[in-house]
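I set out to record, entry by entry, what I looked up in this structure. The notes follow the order in which I opened each region.

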Amino acid sequence: MLHRTVLLVCTTLLFAACGDSAVSTMPLVDATALADSASGGTDDAVEGADSSPGETGSEPEVCPDDHCDIDGECVSNGQAKADNPCLVCRWVVNQTEWTADDAQTCDDDDLCTVEDACVDGECTGEPACDDGNVCTSDTCEEATGECSTEPADGPCIDENALCAEAVCIGGNCTVTSDERECNDANPCTADTCDPDLGCVHTADNAAACDDGDACTANDQCNEAVCTGTAIDCDDASVCTADTCDPSIGCVNKPLDDACSDGNPCTDDTCDAVLGCVFPPNDDPCDDNTLCTEADKCTGGTCIGIALPIEDGNPCTTGSCDPAFGIIQTLNTLPCDDGNTCFSDDYCDGGSCQSGPTQLNCDDGNLCTDNSCEAETGCVATPNALNCEDGSVCTLNDACVNSSCVGDALNCDDENVCTVDTCDPVDGCVHTVIVSNACRPTINVIYPPRGATITGQSGSPSVNVYGSVSSDAGDIASFLINGQTVPIEADGSFNTDIPVTVGGNTLVMKATDELGSTRQRVQALLWSVDYMLPDTPTNDVVSPGLGIWFSQASIDDSDTSLPPNDLATVFKLVLDQFDIGALLGGGSGPIASQAGYKIYLNSLTYGGTDVNLQAVDGGLAIQAEINAIDGKLTFDCTSLSCFFLGGDSTGGLTVDAVTITANIALSATEEGALDVQLNDTNTSFSGIDIYSDNGFTNFLISLVETAIINGVVGDLQNELNNQLDSLIAPLLGDALGALAFNLSLDLPKPDGSGNIPISLFTDFEGADFQDADPGPQGGLLTQNAGAYTADGDPPYTNSGIPKRAGCGTGTQNLAVPKASPLELVLADDLLNHILYAAWRGGLLEFDVPASLLGDFDLSQFGISDLNMTLSGLLAPTASDCGEDGALLVHIGDVKINATLSLFGQPLSLVVWASFTAALELTAVDGAIGINISGIDSLDTEVNVEQDSLIGSESVIKQLIEEQLVGGLLDLLGGGAFGAIPLPEIDLSSTIGLAPGSAVISISPQAVSRVDGNSVVAATLGQ
């Protein structure tokens, strides 16, 4: 059964990088990000936030927490870049830049590439038209992507003949000579051919060589390279250009022609030491423009003195034409008449006129007094007025040096678990740091997890004590199961929590003064007494099972087949009696009278009637064998009878033989059913003996009474003996077959096999009564238990809590006696079965992926999920809750999990406790045990990494909705288990064909009475 830690667990309970941009992800809480978001920026952004009160502007758009802010655009988590699918927004990786995601698919829009894939954020493909053949030339049509191949020429290497010469012919590498030319034209290598390696060129440093360069000398081989030493071509004259030609050697070219710069203002010469030199002269020259005068060579350049073109009037524009000289033109340009208090001055008629616009000197600053002076312009004189800077983050605002400033508001709350900032509008903001240290810690000293607690009768409560604290501040609220629990000054608590018999869950929730919460979930079993079935017969439930037979199930006055009551079975027994065998069956005379020995040759009867009544202490039986007809032979034993007719035949008739007896039922100390037949009595009515010979008949009539008395007496004795030896064992076998000794195989949730459970009972007592005061019928009670030899309890505890009247100290097997047949199963017996399943490993396994169904973990960013489940307590059924419903409690289920959440390793522990409806149903020949929907579910998720605590809610959803639900489906998706009902089969015992005398129990409906499940049933095939 484990839905939304674990799970969480889909914890977890409670995740891999999400590849689907359409699925939103759960943002992880970052303390700094929270602080910046709450304050609208950093502390530096708050100071002087209103340094220019007159200026206004729109606030920048703030992206939601699960969006990236890239180039001023909000991009949802997982969304790819429009022009590059290899770049996506990964909010938890980088909130301001694109993140490379090589897991994405892409297309580089190039038909000449294949296998396009994202590599380091770029879409890259492999060439589509490379056939890997050196003897072909492969091309690709860019427009269509169509490949074409043409044969290529040139040498090639045949991989199967590396020492043979080969060339490309028709697109294939073809051998043309058996001996391959391996000369690499390098004098510094020794050239050979290896059949396995092909041409091998080994360096020969001792070989002579010439590198063919006239600019080197002393050539020699060095590691397969011929190299020489460069020669020196310097002739020590700077008036030559010294070079070296590799083909002829040194070249020294005179620089005489190169020492002319064509400048009349320089003298051209060559100095043997310095080379070309061009010393400037001061010769007169002409720069060929009327805009200069007194032209003269200066520093190697012909320079004249520029003629002035401006006349000092801003309203005239001077210019100079090289051909015509200076020109002055009137303009209408803007100008400055020297008065800064007016703007837009302009030129008119060659003079500067004042502009029409008066200078606005209002700087919008309350902290300055504004004026204008002709020479200097606007003057802002600081004042000391009181002001308001518009921020609640300052106090005592006043004008200082032309600015409105105040004393900074101190927002430090001296709490290490908050990030303290100030918002200009909202004031101090204290953002809680989300970490294990900065949220409540609940330490429970007692009870421990998985506790089995023995309490006092009539006082169902558990003393819970421990301590609770938080580094973030005082604990503001502490609840256990919704009940407020007072906290002492030192953080300790001690309180009594009401519980019920069976499984209980403690849900503890602590909230500190900053609003951080922490939940602890743990489970316990409570009872006034426990059963510990650590051996097959130890601590059985006494009584744990009852079978009630109404008078209709004992005898419904209809003995037709198939049998559906006990009386019909007894009738079948009587129908098999061989009364002839009781009287000798022809082996000897049944009487010797009147000179005859009388032999019974055969005996038949017309039928039987049976009446069976429940009486105090057992059963009363009355049966009749009707219409008995026997064949007799009269054998003469005297001479007189011989002369009077001799031997003859005849017959014996009996209208009815009536049998009565009392059957006492009880249980032995060994748990067997003891059946005693008492007060057995038989009586005959309408008996007659006759002969076909008149004289013999006459003689027999004289002594008929004596004969009949003798025959009847013998028949009664034999019949009584047969009833004692047959009926009592037969009834013992019939009712003894109702003991439940069978095996159940419960599948393990992880599919690793079955848990074999033995269900066994023996008889504890029998209680039969007549109709006064009624109801008439009989009850067989049985000691019952369940056990598995496969495995040991995974945890040591007191075992199975006894219901004990829901803690009042008394528990009875409630039998309504309202149906023809009733099977009553005590809840303690159900818990025996559940405990045996737990003992066999029902809640100990590595969680398989199938237990999560087809749930897509990647939508939460989960990958590499590994979970191990362990149940500290056995599943326990109880109806002692407020509504009286029968629930199974599965508590302190521990789930250890490791996973990768958006690529970050995460480890966690989930505790889950839940209850589900437990129902017994009537199925074909069996009692089904069904575990259905969740009634209550509580989980505790603990993530170890502070940076990933924000994922606890997602894991909790996974555990609760998927893992718990998946476990519940395995435990109760069909029947958790089924208890086959026994059959009464006496066919072989009474000599009938197999299946002729079988009574089965047919369950009809199930009801609940005071800790018992009552199965209404009928007898019949």
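**Entry 1. Hairpins**

I began with the hairpin of β8 and β9, in which six residues lie between the strands. Within this hairpin, Gly145 has a positive phi near 80°. I noted that the model is predicted. Strand β8 covers residues 136–140 and strand β9 covers residues 147–151; the two run antiparallel and are joined by five bridges. I looked for the residue of β9 that stands opposite Ser137, and found Glu150.

I then turned to strands β28 (residues 368–373) and β29 (residues 377–382), which pair in the antiparallel sense over six bridges. These two strands also form a hairpin, with three residues between them. Here I recorded Ala380 in β29 as the bridge partner of Asn370.

**Entry 2. Nonpolar cores**

Which residues touch the most other members of the largest nonpolar core? I listed Phe549, Leu735, Phe740, Ile757, Leu823, Leu825 and Ile979, out of 137 residues in that core. Helix α8 (residues 704–736) gives the most to this core, contributing twelve residues. I also noted a second, separate core of 21 residues, whose members include Ile453, Ile475, Val485 and Val499. As background, nonpolar side chains tend to be buried together in soluble globular proteins.

I took Phe740 for a closer look. With neighbours within four places in sequence left aside, its contacts include Leu545, Ile547, Leu759, Phe760 and Thr761. Gln782, Leu823 and Ile979 are also among the contacts of Phe740, as are Pro980, Leu981 and Pro982.

Is helix α4 (residues 566–575) enclosed or open? I found it largely enclosed by the rest of the structure, because nine of its ten residues are buried. The buried residues are Leu566, Ala567, Thr568, Val569, Phe570, Lys571, Leu572, Val573 and Leu574. I noted that this list includes Lys571 and Thr568.

In the loop between α3 (551–554) and α4 I came to Ser557. Ser557 is not a glycine, yet it has a positive phi of about 65°. With a relative accessible area of 69%, Ser557 is exposed.

**Entry 3. Second largest pocket**

I next examined the second largest pocket, which has a volume of about 680 Å³. Its lining comprises 28 residues, and those closest to its centre are Thr500, Gly503, Asn504, Thr505 and Gly881. By class, I recorded eleven nonpolar, twelve polar and five charged residues in the lining. Which strand gives the most to this lining? The answer is β40, with five residues. At least two lining residues come from each of β39 (492–498), β40 (502–512), β57 (876–878), β58 (887–901) and β60 (926–943).

Thr495 is placed in strand β39. Not counting residues up to four places away in sequence, Thr495 touches Val462, Asn463, Val464, Ile480, Gln483 and Val485. Val485 is also one of the residues I had listed in the second core.

Cys244 lies in strand β16 (residues 240–245). Its relative accessible area is 29%, so Cys244 is partly exposed. Beyond the residues up to four places away in sequence, I recorded contacts of Cys244 with Cys215, Ile231, Cys233, Gly249, Cys250 and Val251.

Asp635 belongs to strand β47 (residues 618–636) and, at 28% relative accessibility, counts as partly exposed. Residues up to four places away apart, Asp635 touches Gly595, Tyr596, Lys597, Tyr599 and Asp647. Asp635 and Asp647 are twelve residues apart along the chain, and their C-alpha atoms are separated by 4.9 Å.

**Entry 4. Backbone details**

Strand β47 also holds Ala627. Phi of Ala627 is near 55°, a positive value in a residue other than glycine. At 45% relative accessibility, Ala627 counts as partly exposed.

The bond from Ser542 to Pro543 is cis, with omega near -10°, and Pro543 is found in strand β43 (residues 541–550). The bond from Gly774 to Pro775 is likewise cis, with omega near -5°. Pro775 sits in the loop between β51 (754–769) and β52 (777–787).

Methods. Residues numbered from 1 in each chain as written. Predicted model: local features only at pLDDT ≥ 70, side-chain atom pairs only at ≥ 80, totals over all residues. Heavy atoms only, no water. Core = buried A, V, L, I, M, F, W, Y, C linked by side-chain atoms within 4.5 Å. Buried < 20%, exposed > 50% of the residue type's maximum accessible area, 1.4 Å probe, protein only. Helix = DSSP H or I, 4+ residues; strand = E, 2+ residues; numbered from the N terminus. Contact = heavy atoms within 4.5 Å. 1 Å grid on protein atoms, 1.4 Å probe; cavity = no way out; pocket = protein on both sides within 12 Å on 5 of 7 lines; lining within 4 Å. Points joined across faces, edges and corners; volume = space filled by probe spheres on them. Nonpolar A, V, L, I, M, F, W, Y, C, P; charged D, E, K, R; others polar. Pairing = 2+ DSSP bridges.
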